[in-house]
Amino acid sequence: MSETLQTTDVAASDADLLAQTAIAVREAGSALRERFGEVVRYQTREELMRALAANDDAALDILRPRLTRLRPDAGWVEDELDGGALPPGEWWVVDPAEGNVNHLHALPEWAVTATLVRENQPVLTAVHLPLTGETYTALTGAGARLDGRPLHVSRTADLGLSIVATSQARPDEDEKVVRRVGSSITAMLFDALVVRTAVPATLHLLNVAAGRIDAFWQFAGARADLLPGALLVTEAGGRTSDAEGRPWTPQSESFLAAAPGVHAEAVATLSR
């Protein structure tokens, strides 16, 4: 009995924590929305990095104190290119401006994300799209939601009838990975109905969780790119793995999230 009560208390605590996390990402999103509109011009990589950092800082000035108050003992990860396993314990994995380059170019595909990871497993996530006002949330064992409405992946069972998506290799990626990205897109162009290619990864994964597209894959990748969407897709009834169909972890060299009906076909295509 005591174990059951303890589990229930933790679930209730995590649900409240998710609600507070959603408030924090919405507030950070409002700060970024105020900075959005005009194309930010840059002539050098240094100028680009300064512009990216200015957006990150505007959101982090809100996110860091609020999330730290919620979980004072949790670690903090904000490097969007970091990958691999985290040390034991709780960690906030945050992307303060997911799709930051899009924001600088006055393109609408960007978001604010915050995910709590406990013992290397994502426990809860909140993703806010400031331009639409939408907030996607997921809590382990409690489902995925869009502004409170349950999300479900698609029922498509034929890759040939599917819309699929991928991101791109990150800056300065190894040539082997870049070529693998290109060959995978070619393979999907033969097997899927429509192939979408864009950044950021999180927005594609929101669409998988919502049943708008049927599969997303990526090679390499980083925790902040994939953890929010991985939890959303799983809680919406989808399947996640690496590109060969093996269980996905942040140490994996590839990632696949798909509706159950097309997952096996997607693995076969990506494994060719």
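The model is predicted: local features need pLDDT of at least 70, side-chain atom pairs count only at pLDDT 80 or more, and totals for chains, interfaces and linings use all residues. Residues are numbered from 1 along each chain as its sequence is written, and side-chain values use heavy atoms, with hydrogens and water left out. Helices (H or I, at least four residues) and strands (E, at least two) are DSSP runs numbered from the N terminus.

**Aromatic pairs**

- The structure holds three aromatic pairs; rings of Phe, Tyr and Trp (its six-membered ring) pair if their centres lie within 6.5 Å, and planes under 30 degrees apart count as stacked, over 60 as edge-to-face and the rest as tilted.
- Phe-36 and Trp-110 form a tilted pair, 5.4 Å centre to centre with 40° between the planes.
- This pair links distant parts of the chain, 74 residues apart: Phe-36 is in the loop between α1 (2–34) and α2 (45–70), and Trp-110 is in the loop between α3 (100–104) and β3 (111–118).
- Phe-36 is partly exposed, with a relative accessible area of 23%, whereas Trp-110 is buried at 2%; buried means under 20% relative accessible area, exposed over 50%, and partly exposed in between (1.4 Å probe, protein chains only).
- The ring centres of Phe-216 and Phe-255 are 6.4 Å apart and their planes lie at 55°, so this pair is tilted.
- Phe-216 in strand β10 (residues 215–219) and Phe-255 in strand β12 (residues 254–258) are 39 residues apart, and their pair links distant parts of the chain.
- Both Phe-216 and Phe-255 are buried, and together with Trp-248 they form one aromatic cluster.

**Contact of α4 with α7**

- The axes of helix α4 (residues 175–191) and helix α7 (residues 260–270) come within 9 Å and cross at roughly 130°; axes are lines fitted to C-alpha atoms, for helices over the stretch in contact, and angles run from 0 to 180 degrees between N-to-C directions.
- α4 and α7 are therefore oblique to each other (angles under 35 degrees count as roughly parallel, over 145 as roughly antiparallel, 65 to 115 as roughly perpendicular and the rest as oblique).
- Ser-184, Ala-187, Met-188 and Asp-191 in α4 meet Ala-266, Thr-269 and Leu-270 in α7, where contact means heavy atoms within 4.5 Å.

- Nine of the nine residues of helix α5 (residues 201–209) are buried, so the helix is largely enclosed by the rest of the structure.
- His-204 lies in α5 and is buried, with a relative accessible area of 6%.
- Not counting residues up to four places away in sequence, His-204 touches Ala-165, Thr-166, Arg-196, Ala-198, Ile-213 and Phe-216.
- Pro-200 lies in the loop between β9 (194–197) and α5, and a cis peptide bond with omega of about 5° joins Val-199 to Pro-200.
- α5 is followed by Gly-211, whose phi is positive, near 80°.

- Ala-106 has a positive phi near 60° in a residue other than glycine; Ala-106 lies in the loop between α3 and β3 and counts as partly exposed at 26% relative accessibility.
- Asn-120 likewise has a positive phi, near 70°; Asn-120 is in the loop between β3 and β4 (121–129) and is partly exposed, with a relative accessible area of 23%.
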